[in-house]
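This report goes through a structure by chain, sheet, hairpin and core. Please read it beside the sequence and the coordinates.

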Amino acid sequence: MSKLPIRPACFLAFLALGTAWAGGDFGGPDENPEDQGPSYFGFVRDARGAPIPDAKVTANVKNGVSFITHTTAAGLYKIGSFSKQVNPGDITISCAKDGYRQTRVVKRPSPKVDPSKPIEVECRMERG
Amino acid sequence: MLSKFALAAISGALVLFLQLGVDPARAQESGTVLTGRITSAAEGAMEGVLVSARAAGSSITFTVVSDRDGRFGFPAGRLAPGRYALSIRAVGYELDGPSTVEVAAQKTARVDIALRKTRDLAAQLSNTEWFTSMPGTAEQKRPLIECMSCHTFERIARSRYGADEMYSVLKRMTTYANNSTMQRVQRRKVDRRFDEDSFRKLAAYLATVNLSKGPSWSYELKTLPRPTGRATRAVITEYDLPRKTIAPHDVRTGADGMVWYSNFVENYLGRLDPKTGSHAEYAYPVIKPGAPLGSLALEADNDGNLWLAAMFQTGLVKFDVRTRTFRIFRLSPEANTDASQQSMVMPRQSQIDGKVWTNEVSTQSIMRLDLVSGKFELIDPFKYLAKGNHSPYGLAADAANNLYFMDFGDEAIGRVDAKTGQSTLYPTPTKRSRPRRTMMDAQGRVWFAEFAANKVAMFDPGRDAFKEWEVPTPHTYPYDVFVDKNGELWSGSMSSDRILRFDPERGTSVEYLLPRQTNVRRVFVDDSTTPVTFWVGSNHGASIISLQALE
């Protein structure tokens, strides 16, 4: 597993965007904290560690829904939250972009198991 | 479970209206039949004033727009000889005295129109102009986008409720069905959820922008500029429907040139003959007694037959255009709760696999009707997501009858695979965009309105990629889009009284102002005419409107 410095700034940016999974404008609170299950964020990088913008990132729940998004100009993506009924072990993160192939997917170890905290997963690709 | 209902043909109710006034065959071949110039003391010659002409006893109003010299002209072929009442729309102004004009055969009538400043500007503001005028943060104003589905902001602005009374009013609003208009208020069987804190905040805010503190508003009433240039080159035809209670929601034309519409608050399918102005209604029976009446989505299948999403009446209603009979597809009793609601239907590609897509609003789910068994299958595309405000809304189907749906509650486009039933969700680049209605173009691209983001957008399934464009006027809140045969996008909203025509290739746009306050829902373009004809219903105004650009 490659060792990359943790990027607290990006992590905070993700939390600030946590209202992204928000809803209607009339019906009340947007979120249902009781049901916050796994969520993900991370970078898609090339072989040299440079972030890849506009890469497609897929989170696939085994036998269930797929969630497809693209990385930002800074190579960052975020996905979630899934229901807490969903086991993180049943979720596969993958990445793709024309001219690249995925080499590996690295899950950052989290200090403690807190389902409300996003899981950092980095996706590596190389040319070819 | 498939009940068949032979149409109670409304031969008696087939309302023929307006033979007077429109008779293209007898009108002049070319040029203009009625011209004039518009001036005011304040501005001199006025550009962008909408001039409307309506023959005595007629239900059809024709509208043109003055050019930069203040001149207007009704093209020949629109107005038959007769006496016409004239009206105008130019925010801040009104006619300086009544205006009628006699149009004779074989010659051009001329009338010059003088305008004076209005003394009641508030009565002329669109919802967009109220949004712009009211002080407050975006967060304070945001919940108001829900209000305009039933009434204008003028009603809120003129109210005298303090915060506590306004809170009671807001609570009362949760008891009404979303298919309510001022002419026909309908109660829900199950009240809407609401959050007390949000409602208290909203009530307190509204009490600062209404007339609870005094006889006039504490802020300036701001108006949008009048149309200029290209936006003045259009002819608008408005067909009044025979009852004020009719709330046309989705409008579309058939191969026979007829205009069909769904009625949001009554169990009728409406039909208008734009050539003669004759109108007919086809009644379908009450499906669920005690539940709000009316339907929302109106779509055509591959055979040209029409499908209605029956809202709180529940289930789907198919109309055979040839035999003029209805067939009702009911939910099973165990799936049909007091909150059940089908707002959408997508039968467009049902010939592929015998399946018609719809939604179940109460469970935030997709449903799929099997035409052979008549059974609905429930598909929950959000099953694996954290619970939230999801709401599958606008639907489109590709050539293999795979479904694309808008998550109106949130910010994603979804796809349901027709073969596997598996869902894929694609979040829009803009957060909290609340995608609303949609259409698929000939290339399989999904065009849609981002209601809460004030944007129109395109999703290309081939590349899993989005494009978004901000609409020109802030606080428009587009409801729907339609891409015509020339690749131009048309859009409208419940707020701005303007129809957007946008060229995504060039990035150019023009906004046509409509003659009256017009709560716009589904937009439709008839590609069979040259130029194309834009069609829309006035959901609160009981009329059908067509617009043709003069360039």
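The sections below give the conventions first and then the structural elements in turn.

## Basis of the model

This is a predicted model, in which local features need pLDDT of at least 70 and side-chain atom pairs count only at pLDDT 80 or more, while totals for chains, interfaces and linings use all residues. Residues are numbered from 1 along each chain as its sequence is written, chains are lettered from A and ligands numbered from 1 in the order in which they are written, and side-chain values use heavy atoms, with hydrogens and water left out.

## Chain A overall

Chain A contains 1 helix and 7 strands; these are DSSP runs, H or I of at least four residues for helices and E of at least two for strands, numbered from the N terminus. Along the sequence the pattern is α-β-β-β-β-β-β-β.

Chain A has 128 residues, and 47% of them count as buried. Buried stands for under 20% relative accessible area, exposed for over 50%, and partly exposed for the range in between, with a 1.4 Å probe and protein chains only. The accessible surface of chain A is about 6,500 Å², with 57% belonging to carbon and sulfur atoms; the areas come from the Shrake-Rupley method with a 1.4 Å probe, and for residues only the protein chains shown count as cover. Of the contacts (heavy atoms within 4.5 Å) in chain A between residues at least 6 apart in sequence, 65% join residues at least 24 apart.

## The four-stranded sheet of chain A

In chain A, 4 strands form an open sheet in the order E4-E1-E7-E6, with mixed pairing. Its edge strands are E4 (76-79) and E6 (100-107), each of which pairs on one side only. Neighbouring strands of this sheet are turned by 25° against each other on average, direction ignored. The axes behind this value are lines fitted to C-alpha atoms, for helices over the stretch in contact, and angles run from 0 to 180 degrees between N-to-C directions.

Strand E6(A) pairs with E7(A), residues 119-127, in the antiparallel sense over 7 bridges; two strands pair if DSSP finds at least two bridges between them. Within this pair, A:Val105 stands opposite A:Cys123.

## The eight-stranded sheet of chain B

Chain B has an open sheet of 8 strands in the order E9-E7-E4-E5-E12-E39-E38-E37, with antiparallel pairing. Strands E9 (100-103) and E37 (520-526) each have a single partner strand, so one side of each is left without a neighbour in the sheet. Here too the neighbouring strands are turned by 25° against each other on average, direction ignored.

Strands E12(B), residues 234-240, and E39(B), residues 543-549, run antiparallel and are joined by 7 bridges. B:Ala234 has B:Ala549 as its bridge partner in E39(B).

E29(B) and E30(B) form a hairpin with 5 residues between them, and B:Gly444 in the turn has a positive phi of about 80°. The two strands pair antiparallel over 4 bridges, and B:Met439 has B:Trp447 as its bridge partner. B:Trp447 also has a bridge partner in E31(B), namely B:Met458. E30(B) and E31(B), residues 455-460, are antiparallel and joined by 5 bridges; their hairpin has 4 residues between the strands, with a positive phi of about 60° at B:Asn454 in the turn.

E31(B) in turn pairs antiparallel with E32(B), residues 465-470, over 6 bridges. B:Asp460 has B:Ala465 as its bridge partner in E32(B), and B:Asp464 takes a positive phi near 50° in this hairpin, which has 4 residues between the strands.

Strand E30(B), residues 446-450, is mostly covered, with 5 of its 5 residues buried. B:Val446, B:Phe448 and B:Glu450 point one way, while B:Trp447 and B:Ala449 point the other way.

## B:Thr430

B:Thr430 lies in the loop between E28(B), residues 423-427, and E29(B), residues 435-440. Is B:Thr430 buried or exposed? B:Thr430 counts as buried because its relative accessibility is 16%.

The side chain of B:Thr430 makes a polar contact with the side chain of B:Glu468 at 2.7 Å. A polar contact is a pair of N or O atoms within 3.5 Å; within protein, one must be able to donate a hydrogen and the other to accept it, and residues adjacent in sequence count only if both atoms are side-chain atoms. Leaving aside neighbours within four places in sequence, the residues in contact with B:Thr430 are B:Glu411, B:Glu450, B:Ala453, B:Lys455 and B:Glu468.

## Nonpolar cores

A nonpolar core is a set of buried Ala, Val, Leu, Ile, Met, Phe, Trp, Tyr and Cys residues joined through side-chain atoms within 4.5 Å. The largest has 87 residues, and those with the most contacts inside it are A:Val44, A:Phe82, B:Trp130, B:Leu144, B:Leu206 and B:Leu316. Helix H5(B), residues 196-209, gives the most to this core, with 6 residues. A second, separate core of 69 residues includes B:Leu34, B:Val49, B:Leu79 and B:Ile113.
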